Amino acid sequence: MILPMKEQGLLFLFICFSGFCFGFVYDVLRLFRRCFHCGGFFGLVSDLVFWVCAFAAVFWFLLGVNYGEVRIYMVLGFMVGMVVYYNSLSGYFIFYSEKALKVIKRLLKLILSPVVKALLKPVKFINLRLKKYAKCGIIAVRKFFKVFFAPFGRCFKRKTQKKQRKKTKKA
């Protein structure tokens, strides 16, 4: 079904605005990846999921409004919206969001570091005790092996000493 020119113009503006909004959502995804140092495979998968969801959302919208007709000006409008967002607000959003996240991280460290230290004290105490008992256990096992295997060690030493004596006599 052919839409009147006025509705096509409004549809084009709405598609441009949705491209602008999807550009913002993609920046949030980029910020998440930077904040949590996610890259490589996760970056690839998240990009793939984002674009599939963006395509599905736009197609679903066009299915309801334009009876499923996808026209070239709609695709161009979506791309124009994203390009306008990236050239106008994307840099500022990423810059100020990273600054805000750094401040939030510092505040959380300041607030949570005493709590974490208090929670780790018993763990460190138990760890030191376990190390002490483990060291005693290792010493006991070594003594056991020295006492139990000493006769075998002496037999082995005697055989090797005999072999060494024979080699020295030949030389």
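Analyst: Rings of Phe, Tyr and Trp (its six-membered ring) pair if their centres lie within 6.5 Å; planes under 30 degrees apart count as stacked, over 60 as edge-to-face and the rest as tilted. This is a predicted model, in which local features need pLDDT of at least 70 and side-chain atom pairs count only at pLDDT 80 or more, while totals for chains, interfaces and linings use all residues. Residues are numbered from 1 along each chain as its sequence is written, and side-chain values use heavy atoms, with hydrogens and water left out.

User: How many aromatic pairs does this rule give?

Analyst: The count comes to 15 aromatic pairs. One of them joins Phe-12 and Tyr-73, which are tilted at 40 degrees between the planes and 6.4 Å centre to centre. Phe-12 lies in helix 1 and Tyr-73 in helix 3, so the pair ties together parts that are 61 residues apart in sequence. Helices here are DSSP runs (H or I) of at least four residues, and strands are runs (E) of at least two, numbered from the N terminus.

User: Which elements make up the protein chain, and in what order?

Analyst: The protein chain has three helices and zero strands, in the pattern α-α-α. Of its 171 residues, 18% are buried.

User: How is a nonpolar core read?

Analyst: In soluble globular proteins, nonpolar side chains tend to be buried together. A nonpolar core is a set of buried Ala, Val, Leu, Ile, Met, Phe, Trp, Tyr and Cys residues joined through side-chain atoms within 4.5 Å. The largest one here has 13 residues, and those with the most contacts inside it include Leu-11, Phe-22 and Phe-78. Helix 1 (5-35), helix 2 (41-65) and helix 3 each give two or more residues to this core; helix 1 gives the most, with five.

User: Which residues does Leu-11 contact beyond its neighbours within four places in sequence?

Analyst: Contact means heavy atoms within 4.5 Å. Leu-11 is in contact with Leu-3, Phe-61, Leu-62, Val-65, Asn-66, Tyr-73 and Met-74, leaving aside those neighbours.

Technical notes. Buried means under 20% relative accessible area, exposed over 50%, partly exposed in between (1.4 Å probe, protein chains only).
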